[in-house]
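I opened a new notebook page for this protein. These are my entries, in the order I looked things up.

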Amino acid sequence: MSPTAATLEPATAAALGAPVPRREGREKVTGAARYAAEQHLPLRAYAWPVPATVARGRITAVDTAGALALPGVLGVLTPYDAPRLGPSDDPTLQLLQDLRVPHRGWYVALAVADTLEGARAAASAVRVTYETEPHDVTLRAGHPGLYTPEEVNGGYPAHREHGDPDGAFEEAPVRVDVRYSVPPLHNHAMEPHAATADWDAERGHLTVYDSCQGTTVVRGVLAGLFGLRVDQITVLAEHVGGGFGSKGTPRPHVVLAVMATRYCGRPVTLSLPRRHMAATVGHRAPTLHHLRLGARPDGTLTALTHEVTTHTSRVREFVEQAAVPARVMYAVHNSRTTHRVAALDVPTPSWMRAPGEAPGMYALESAMDELADALGMDPVELRVRNDAATEPDGGRPFSSRHLVECLREGARRFGWAGRQPPRREGPLLIGAGVAAATYPVYIAPSGARAHARPDESYLVEVNATDIGTGARTVMAQIAADALRVPLDAVSLSLGNSALPPGPVAGGSTGTASWGWAVHDACTALTDRLARHQGPLPAAGLSASADTTQSAKQKSPYARHAFGAHFAEVQADTVTGEVRVRRLLGVFAAGHILNPRTARSQLIGGMVMGLGMALTEHSGLDPASGDFVERDLAAYHVPTNADVPAIEAHWIDEHDKHLNPMGSKGIGEIGIVGAAAAIGNAVCQATGRRLRELPLTPDRVL
Ligand code: MOS
């Protein structure tokens, strides 16, 4: 029977909100899921890029003779002979176009060979000579190159000021004036950046399998760079092994892979060695924070200044918006939030999970803890006392704000006993800490199509990218809910630039953005089916949606997710090692569409916050200009043994001012504030306030 109105049962709508397992789980664990570097196309060749070994200067010669003499080498591209690229907004993609070296690790040549090993050997046989200039990779508070930019990442104004923050601070009876620093951090997704590119000269068509967070964007950028129409390019990303923001913009590997396939006429795979990634796919910029909080004895904030100093590269301005969350969190009339940046000879920083919020809330929430100490007040109560009824910076009402509920519910579940003297267990000091979390609600326009087939199955087409989040599972749930059909009647097509345009999996926008389009397309299809008389035609029925208008509408509400983290730590007085014993988060993020995948997202963010607090650090070596920790042996992400009893919970939040599903993003808020809760717990345990991350044993002892 065809799916006419009579056969559509409203009761099957239970898909949304159910803990549905990942659709691709089996493919992933059995190895059937193919990633970008695993596309075994006939006659496939391999490319391997050559990074600059100086931190600043000019190339004076590239000797490729030794490389070209090696067996199986198909060619070496250099700035002298590489094809000229068309324009792009992102100057980090203008590869092999000129002789200047803006930072160490910048690509200066590209070797192409029959085999991966051959390409790597050829790359290491390329001899590059440089004319060097003095370089500077060290950010410091009084750096002479510092300036205030117009805007910071996310399009926010760099500087905001209300009332008289300096005067109010001077007059405040209780004051905290503190500085924190967060080092450069790296995203280090499990799957390194990789692309397999295949230029079909006869058809004039380029097919690219790319490990990216969004294929529509990659297609558009490649079209501009290579002078092709978008309909001459197909970018595919069916499975992606994480990105954390570093795959949110097209990266050098995909541009070089396309250059290589156009050059040799064969499909080419370029998979970045992890040791290259520190310099070529972005990082979280280091941030220096100066915070001043003034309060009345009852804890009411009267002054807040958050001044952030950070770096960018000489290639492109990217300013980590770390003072922006202070514009959202607490009710205070006198405030200044501002950013200064210096362009150094460093790789270009970019998005890393919760850019802005992650380092900014570490500093703000640590300072709030210091203020609670200075007041002799419970840090939960201090935050409750200063909860904002309207958005402090813009004055708009919140669409929903349940920070206080998160704090209260977290305190209850954690067994928060308020400020306690540290406990001792032999050589271990035990303490607990709390911090708040916030992340904005962003929504981007998306298209989607839905088809009903005569056999009562449905196909939903949406250019979502599932970077490991469970996006395809949640899209199917949204579709089944809107179509009012069982979940397994819905199949999904995603990760393909030939589908209706969709935004990247970034900024915690994915579910809201693609999901809105899926909801609209499926709702339109349901209406069509309801009006349809008799059996469906063999080709089925379709409906499509484009949310450009609805997603771009400016909301009269300030829309943010909130949360609260509670941590219990032990600090070893003999070794200086800090271990987290318990980490508990409670979040208010709208309607949770799939508790299983949502929990995984939130816990994943909290684990990343644990790494930020205790182990993760990328140092820039002043002498070489290089990042020092360039592999997972040196850059310490938390492993299973580091991750304690960890729990994520949420408040049942109903917010009608978001999207048809009532959801807020959950990909990033889990990391926000987690490091501060851990740092605050370390302070309570040891009685010492450490203001520089990570809290490694040398600092703790
Ligand atoms: Mo996320 S850092 O916006 O991919």
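**Entry 1: F244**

I placed F244 in the loop between β13 (233-236) and α6 (252-264). I then read its backbone: phi is near 55 degrees, a positive value in a residue other than glycine. I note that this is a predicted model.

**Entry 2: H188**

I looked for another positive phi and found H188. Its phi is near 40 degrees, and H188 is not a glycine. H188 sits in the loop between β10 (174-182) and β11 (194-200). Is H188 buried or exposed? I found 24 C-beta neighbours inside 10 Å, so H188 counts as buried.

**Entry 3: the whole protein**

I stepped back to the overall picture. The protein has 16 helices and 26 strands. Its C-alpha trace spans about 75 × 75 × 50 Å along the principal axes. I checked the radius of gyration next. For 701 residues, a compact globule would come near 27 Å; the protein has 26 Å, which agrees. Of the 701 residues, 56% count as buried. I also looked at how contacts bridge the sequence. Taking contacts between residues at least 6 apart, 82% join residues at least 24 apart.

**Entry 4: α11 and α12**

I turned to helix pairs. Two packed helices are described by the angle between their axes and the distance between the axes. I took helix α11 (residues 471-483) and helix α12 (residues 510-531). Their axes come within 8 Å and cross at roughly 30 degrees. That angle is under 35 degrees, so α11 is roughly parallel to α12. The crossing is right-handed. I listed the residues that touch. From α11 they include V474, I478 and L483; from α12 they include W514, V518 and L525. By class, this contact has 11 nonpolar, six polar and no charged residues.

**Entry 5: α14 and α15**

In α14 I noted M606, G609, L610, M612, A613 and L614; they meet A674, A675, I678 and G679 in α15. This contact has eight nonpolar, two polar and no charged residues.

**Entry 6: H617 and P694**

I followed the chain past α14. H617 lies in the loop between α14 and β26 (645-650). H617 counts as buried, because it has 20 C-beta neighbours inside 10 Å and 20 is enough. Which residues is H617 in contact with, leaving aside neighbours within four places in sequence? I found P183, E629 and P694.

P694 is in the loop between α15 and α16 (697-700). The peptide bond leading from L693 to P694 is cis, with omega near -5 degrees. L693 also relates back to H617. The two are 76 residues apart along the chain, yet their C-alpha atoms are separated by 7.9 Å.

How values were computed. Residues numbered from 1 in each chain as written. Predicted model: local features only at pLDDT ≥ 70, side-chain atom pairs only at ≥ 80, totals over all residues. Helix = DSSP H or I, 4+ residues; strand = E, 2+ residues; numbered from the N terminus. Rg over C-alpha atoms; globule rule 2.2 N^0.38 Å. Buried ≥ 20, exposed ≤ 12 C-beta atoms within 10 Å, placed from the backbone. Contact = placed C-beta atoms within 7 Å. Nonpolar A, V, L, I, M, F, W, Y, C, P; charged D, E, K, R; others polar. Axes fitted to C-alpha atoms, helices over the stretch in contact; angles between N-to-C directions. Parallel < 35°, antiparallel > 145°, perpendicular 65-115°, else oblique. Left-handed = near helix turned anticlockwise from the far one by under 90°.
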